[in-house]
Amino acid sequence: MSASREKKKRQEFTAGGAFDPKNSRAAEEAAVRRSNRLYSGIFIALAVVAVGLLVYNSGIIGRNQTAVTIDGEKYTVPQTAYYYQQAYQNFMNTYGGYASLFGLDTSKPLKDQAYSEDQSWDEFFKEQAVDNMRLVHAAKTAAKEEGVVLDGEELEAYNENLEAFKSAAAQQGYSYKAYLTAIYGPTMTPSIYEACSQDSFLASKYSSEYSEKNFVYSDEEIQAYYEENKNTYDLVDGGYVTVSGAPEAKTDADGNAIEATEEEKEAAMAQAKETAQQILDAYNAGQDLESAATSVDDTASYNVSEELSYSSSTYGDWLFDESRRSGDAEILEGDSVYYVAVFNGRQRQEALDYNVRHILITAESLELAEGEEATEEQLTAKAQEILDSWDGTEDGFAALANENSKDPGSNTTGGLYENVPKGQMISEFQNWCYEPGRKAGDTGIVYSSSTGAHIMYFVGYGDTQYWHYACENAMISDAMNEWQQSLIDSVTAETDEGGMKSVG
């Protein structure tokens, strides 16, 4: 991905999650008046306490409290809270749907949940936050030394991000300041948030420009990387059948599992091998693998495809072995299982990238009654209505996209996505672009339950094959990770226990 083809994507900062903090009173007023002299003194004392609580709850004290010091520069509680929240949101954006599989319960306090034997989730995110702070600090310092400033596209991206945040606040029923408090805590202010965000954007710009200057690879270097890692970027035409060799599960009278004996395990494996042999014989007799599997054992699972990706497994290692030749078929023994594997051929992932325009139609495109959900028929009908108004030119389609599309990533650029590699877009979108015979100027409508209706305009295929793009991207990513780690290691950070208690 050279600088001439595509700029590195700028880091975006969003504040996800649904927050709904409520105001509450700290105490009730006294109702009984006794001795004026006695209670006037108590009143004065309570007033002092009340003022103290107001100051505390306002965040003024914690706002200036140091939480982290990096190479002598002090970072306050709200500054650290910014990076803590980013670390948490980055994790949730990536793994949110599977958080429970990591042992994270989002309904419970993070400090009460174990991330590892010696670290809570709260401590994990604080560690991530400090590392990110070190990275931004080092990159920001280098940027200033080299005269890199936030301007042009990056400044525009920053301003767009800030406006999107304010818009999200309004949609949730909050003021800008109240939304910041809801997400980052009582110490956060608009000026602190914006300063942290600008630092992050500046660090991102510096990293991007550094990458474009230093991590550029020739076709020969990319080819060499592919040769070393071809299993990752190749596809196999073949398949495998899985025949379980596990003994039948047994329980005692109380429902407790009974451990199988060695004799039972050996007998089950022997039966599985015999079944696998019958499947292989049926395949060799002319049946396809799927039919051979189901005709012998309708409980046997199978996976047959012209595009099998590599997996580190008994069958994966066999299918991607360099010695494989078309027509190879073999029985493989695994752990309490036998496989019948078939190899037909192997190829690189050579699908070209593509350029496409689209107009996304969502429920926002329709005039629906409150609480009414948009149907596929309604969305596709609206899409067809817009497509019917098209003048037949690419410029006309671009104008319709700017006017009608609900995709924030392209509704100001005529709906255009350029140099899109295979695997980047949702399947319905991608499959339309790769349909046999697809040519420049083609239009159509595709629907996805996860996004809405897409009015498509195919601009054309590019000249970069997927394996080439993926290898180049992996090389850049590896180099960036190593460089960023060197930046992190170039600065030292000290945490203040008192300040860090107020973060998270």
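# A guided tour of the predicted model

Begin by selecting Thr275, which lies in helix α10, residues 262–284. The model on display is predicted. Thr275 is buried, with a relative accessible area of 10%. What does Thr275 touch, leaving aside its neighbours within four places in sequence? Its contacts are Val243, Val296 and Asp297.

**The sheet of three strands**

Next, select strands β2, β1 and β15. They form an open sheet in the order β2-β1-β15, and the pairing is antiparallel. The edge strands are β2 (73–76) and β15 (493–495), each of which pairs on one side only. From one strand to the next, the twist averages 25°. Helix α3 packs on this sheet and touches β1 and β2. The direction of α3 makes about 75° with that of β2.

In general, the strands of a sheet pair through backbone hydrogen bonds, in either a parallel or an antiparallel manner.

**Aromatic rings between α3 and α4**

Display the aromatic side chains; the structure holds 40 aromatic pairs. One of them is formed by Tyr88 and Phe125, an edge-to-face pair at 5.4 Å centre to centre with 75° between the planes. Why does this pair tie together parts that are 37 residues apart in sequence? Tyr88 lies in helix α3 (residues 77–95), whereas Phe125 lies in helix α4 (residues 121–145). Tyr88 is buried, with a relative accessible area of 17%, and Phe125 is buried at 0%.

Phe91 is buried, with a relative accessible area of 10%.

The selection can then be widened to a whole cluster. Tyr84, Tyr88, Phe91, Tyr95, Phe102, Tyr115, Trp121, Phe124 and Phe125 form one aromatic cluster.

Select Tyr193 and display its surroundings. Leaving aside neighbours within four places in sequence, Tyr193 is in contact with Tyr82, Asn161, Leu162, Phe165, Tyr176, Leu180, Tyr184 and Met188.

**Charges over rings**

Two further selections show a charged side chain above an aromatic ring. In the case of Lys166, the charged end sits over the ring of Tyr176, 4.9 Å from its centre. For Arg348, the charged end sits over the ring of Trp467, and the distance from the ring centre is 3.9 Å.

Move on to strand β14 (residues 452–465), which pairs in the antiparallel sense with strand β11 (residues 352–361) over nine bridges. Select Leu352 to find one of these positions: its bridge partner in β14 is Gln465.

Six bridges join β13 to β14, and the two strands run antiparallel. Thr443 stands opposite Tyr457 in β14. How many residues lie between β13 and β14 in their hairpin? There are three residues between them.

**The last stop: Tyr469**

Finish by selecting Tyr469, which is found in helix α16. Is Tyr469 buried or exposed? At 14% relative accessibility, Tyr469 counts as buried. Tyr469 and Asn419 are 50 residues apart along the chain, and their C-alpha atoms are separated by 9.7 Å.

Definitions and conventions. Residues numbered from 1 in each chain as written. Predicted model: local features only at pLDDT ≥ 70, side-chain atom pairs only at ≥ 80, totals over all residues. Heavy atoms only, no water. Phe/Tyr/Trp six-rings, centres within 6.5 Å; stacked < 30°, edge-to-face > 60°. Helix = DSSP H or I, 4+ residues; strand = E, 2+ residues; numbered from the N terminus. Buried < 20%, exposed > 50% of the residue type's maximum accessible area, 1.4 Å probe, protein only. Lys NZ or Arg CZ within 6 Å of the ring centre and 35° of its normal. Pairing = 2+ DSSP bridges. Axes fitted to C-alpha atoms, helices over the stretch in contact; angles between N-to-C directions. Contact = heavy atoms within 4.5 Å.
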